[in-house]
Amino acid sequence: MKKEIGDFRVLKIKHYQDKDFMLYVRPLKGELPQALPGQFVNIRVDHSPQTLLRRPISICDIDFNSQTLLLYIKIVGEGTQALSSLKEGNVINMLYPLGNGFNTEGINHPLLIGGGTGIAPMLYLSKWFHKKGITPTVLIGGRTQAALSLKDFFKDTAHLLISCDDGSEGEKGFVTQHSIINKLSSFDKIYTCGPMVMMQAVATLAQQAGIPCEVSLENVMACGIGACLCCVTPTVSGNRCVCTEGPVFLSTELTDFNN
Ligand SMILES: Cc1cc2nc3c(=O)[nH]c(=O)nc-3n(C[C@H](O)[C@H](O)[C@H](O)COP(=O)(O)OP(=O)(O)OC[C@H]3O[C@@H](n4cnc5c(N)ncnc54)[C@H](O)[C@@H]3O)c2cc1C
Ligand code: FES
């Protein structure tokens with residue numbers, strides 16, 4: 001899939017609770033190229049000496065009619081803090097679209113599980129399935145209700161399930177304790193993104209149920225194009241670059257998921 005580098009105009013920025021915000025951007029020139037769910041952008045953070053390296057962010061959604069790309073971001077450090085200060089009309093530079101994306105071929109009963117900012121790529125994936133005539137089951141989880149700002153975005157495309165660690169919404173507990181986990185055999189594939197421990201627990205349950213599970217890794221990155229090797233992850237076939245050969249892998253390929 002063709003990779004581009006280009007400037008994007010900030011159309012809108014919406015701030016949520018829990019230090020999360022949604023950035024709506026449109027290319028200054030040309031049209032958005034096609035992108036797969038699970039692919040990401042690498043954003044240059046201007047005017048900040050602490051952020052020489054671009055910051056990788058998953059594609060949360062794309063509206064090709066209005067040529068708008070949505071990025072859902074949590075403030076964790078200098079780079080994301082600087083991005084949260086963008087205003088309507090500002091311009092940002094991005095490499096787009098990077099990585100491999102989820103494989104949806106031949107899947108009719110998918111279960112998507114997202115935690116924290118790992119919920120972001122699940123939105124575009126859920127819409128991708130919906131366009132193919134499949135309504136996916138999407139389970140999202142967070143520490144509290146405040147971490148679930150994206151939930152309304154799923155209402156037209158998914159059968160949405162929620163869990164919260166503190167029970168403030170949906171079922172109380174981790175996503176792996178949700179009652180849908182007792183029905184894993186009704187799904188033909190699980191897709192997950194979120195904190196490493198969550199994905200490892202999801203992958204273990206998937207393996208026990210004999211269902212393939214794709215995980216999207218969020219390793220720290222620099223170049224995003226396979227040049228610096230700072231993002232490698234050990235796999236059963238040796239070290240592999242998460243930015244070019246991932247971020248999506250089958251859980252059974254990853255050494256960190258099979259100890
Ligand atoms: C493929 C991919 C997709 C991603 N998608 C999203 C997304 O959709 N939304 C979102 O909010 N974030 C996403 N991330 C994580 C995001 O890239 C980091 O949070 C961001 O780069 C941190 O930059 P910073 O300058 O704000 O923080 P820094 O100052 O660089 O770091 C602050 C803290 O965050 C930690 N951190 C830095 N990078 C990561 C990382 N990749 N994962 C976990 N912790 C990290 C650091 O260890 C440190 O503790 C994604 C990462 C990858 C690799
Ligand atoms: S981030 Fe540079 S090789 Fe992956």
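Predicted model: local features only at pLDDT ≥ 70, side-chain atom pairs only at ≥ 80, totals over all residues.
Which residue in β4 is the bridge partner of Val41?

Figure 1. Val41 has Ile57 as its bridge partner in β4. Strand β3, residues 40-44, is joined to β4 by four bridges, and the two strands run antiparallel. Seven strands make up the open sheet, in the order β4-β3-β7-β1-β2-β6-β5, with antiparallel pairing. The edge strands, each of which pairs on one side only, are β4 (55-58) and β5 (61-63). From one strand to the next the twist averages 35°. Helix α2, residues 120-131, packs on the sheet and touches β4, β5 and β6 (68-74), and its direction makes about 50° with that of β5.

Figure 2. Strands β1 and β2 run antiparallel and are joined by seven bridges, and together they form a hairpin with four residues between them. Within this pair, Arg9 stands opposite Arg26 in β2. Strand β2 is also joined to β6, through six bridges and again in an antiparallel arrangement, and here Tyr24 has Leu70 as its bridge partner in β6.

Figure 3. Asp18, in the loop between β1 (4-15) and β2 (20-27), has a positive phi of about 65° although it is not a glycine. Lys19 lies in the loop between β1 and β2 as well, and this residue, also not a glycine, has a positive phi of about 60°. For comparison, most residues other than glycine have a negative phi. Asp18 counts as partly exposed because 15 other C-beta atoms lie within 10 Å. Lys19 is likewise partly exposed, because it has 15 C-beta neighbours inside 10 Å.

Figure 4. The bond that joins Tyr96 and Pro97 is cis, with an omega of about -15°, and Pro97 has its place in strand β7, residues 91-98. The second example is the peptide bond from Gly246 to Pro247, which is cis with omega near 10°. Pro247 lies in the loop between α4 (242-245) and β16 (248-250). In general, most peptide bonds are trans.

**Figure 5. Helix α3 and its buried side.** Helix α3, residues 196-209, has 14 residues and reaches 20 Å from its first C-alpha to its last, close to the 20 Å expected at 1.5 Å a residue. Its buried residues are Met198, Met199, Val202, Ala203 and Ala206. Because these residues cover an arc of only 130° around the axis, they are on the same side of α3. An α-helix has 3.6 residues a turn, so residues three or four places apart point the same way. The buried residues of α3 pack against β8 (110-115), β12 (189-193) and β13 (213-216), whereas Val197 and Gln208, on the other side of α3, are exposed. Just after α3, Gly210 takes a positive phi of about 75°.

**Figure 6. The residues around ligand 1.** Ligand 1 is surrounded by 21 residues, of which the closest are Ser58, Gly77, Gly79, Thr80 and Glu218. The elements that give two or more residues to this shell are β4, β6 and α1. Strand β4 gives the most to the shell around ligand 1, with four residues.

Figure 7. Glu78 is found in helix α1, residues 78-84. When its neighbours within four places in sequence are left aside, Glu78 is in contact with Ser48, Gln50 and Thr51. Glu78 and Ser48 are 30 residues apart along the chain, yet their C-alpha atoms are separated by 8.0 Å. Glu78 counts as partly exposed because it has 14 C-beta neighbours inside 10 Å, a number that falls between the cut-offs of 12 or fewer for an exposed residue and 20 or more for a buried one.

Methods. Residues numbered from 1 in each chain as written. Chains lettered and ligands numbered in written order. Contact = placed C-beta atoms within 7 Å. Pairing = 2+ DSSP bridges. Axes fitted to C-alpha atoms, helices over the stretch in contact; angles between N-to-C directions. Expected span 1.5 Å × (residues − 1). Arc of directions from axis to C-beta. Near = placed C-beta within 6 Å.
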